[in-house]
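The points proceed from the chain as a whole to individual residues.

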Amino acid sequence: MSEHGEADSAGHTPRSRLYDYVDTPEPARQGAARGERGFAALLGEFRRTAVLVPVGEGDAPLTADFGGVRWIYAFSNEGALARFAVARGEGGREWVYQRWLGARLLDAAVPAVGVPCGVALDCADGDEGMVFPPVPGIVPDAVAVDVDGGTGDVR
């Protein structure tokens, strides 16, 4: 066998071992595709799951404005809501909440807000938290915002 592509005794030109990598997807693309599938699975699970939504006056969901987007707070369980309350310095007060399906939040509550709006799930739990921003594929297209890919600014 030759290292330089010369034919062997049977007349076959051996391939360089580099050819073994030609059809292999790039690790970054594999990771991105895996990440997209992973996020799609998380989004699907969120849509099918009842979450706790703290409410204020008139049973309106508790929200906060950040980065030009209004975020509806949602929590996967009472422990996550309690950690949020303590982080706000409001652990001693009673928190009224409702159970909503994630799909109801994304498909009904977000459009009703009237400004760019998403959902912040378990936001006091650091990396364990998740955001569902107001972009196509997450919220209805009619209320999804355009994001400038270079700056992340909402348009």
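Predicted model: local features only at pLDDT ≥ 70, side-chain atom pairs only at ≥ 80, totals over all residues.

1. Among contacts in the protein chain between residues at least 6 apart in sequence, what percentage join residues at least 24 apart? The share is 57%.

2. As to overall architecture, the protein chain contains four helices and six strands. Read from the N terminus, these elements follow the order α-α-β-β-β-α-β-α-β-β. Of the 155 residues in the chain, 26% are buried. The accessible surface amounts to about 10,200 Å², and carbon and sulfur atoms account for 52% of that area.

3. Strand 2 (residues 63–66) and strand 3 (residues 69–74) run antiparallel and are joined by four bridges. Within this pairing, Ala-64 has Trp-71 of strand 3 as its bridge partner. The two strands form a hairpin with two residues between them, and there Gly-67 adopts a positive phi near 65°.

4. Val-69 belongs to strand 3. Its relative accessible area is 7%, and Val-69 is therefore classed as buried, the limit being under 20%. Along the chain Val-69 and Val-145 are 76 residues apart, while a distance of 9.7 Å separates their C-alpha atoms.

5. The model contains six salt bridges. One of them links Asp-125 to Arg-83, with an N to O distance of 2.7 Å.

6. Another salt bridge is made by Arg-48 and Glu-45, whose closest N and O atoms are 3.3 Å apart. Both residues lie in helix 2 (residues 27–48), and because they are three residues apart there, about one helical turn separates them. Arg-48 is exposed, its relative accessible area being 58%; Glu-45, at 43%, is partly exposed.

7. Arg-88 and Glu-90 also meet through their side chains in a salt bridge, at 3.1 Å from N to O. Salt bridges with shared partners bring Arg-88, Glu-90 and Arg-93 into one network. Arg-88 is partly exposed, with 38% relative accessibility. Glu-90 is likewise partly exposed, with a value of 24%.

8. How many disulfides does the model contain? The count is zero, the criterion being a pair of cysteine sulfur atoms within 2.5 Å. As regards individual cysteines, Cys-117 is buried, with a relative accessibility of 1%. Cys-123, by contrast, is partly exposed at 36%.

9. The hairpin of strand 2 and strand 3 can be viewed around Gly-67, with its positive phi. The network of Arg-88, Glu-90 and Arg-93 can then be traced through its shared partners.

Methods
Residues numbered from 1 in each chain as written. Heavy atoms only, no water. Salt bridge = Lys/Arg side-chain N within 4 Å of Asp/Glu carboxyl O. Buried < 20%, exposed > 50% of the residue type's maximum accessible area, 1.4 Å probe, protein only. Pairing = 2+ DSSP bridges. Contact = heavy atoms within 4.5 Å. Areas by Shrake-Rupley, 256 points an atom, 1.4 Å probe, with all protein chains shown as cover.
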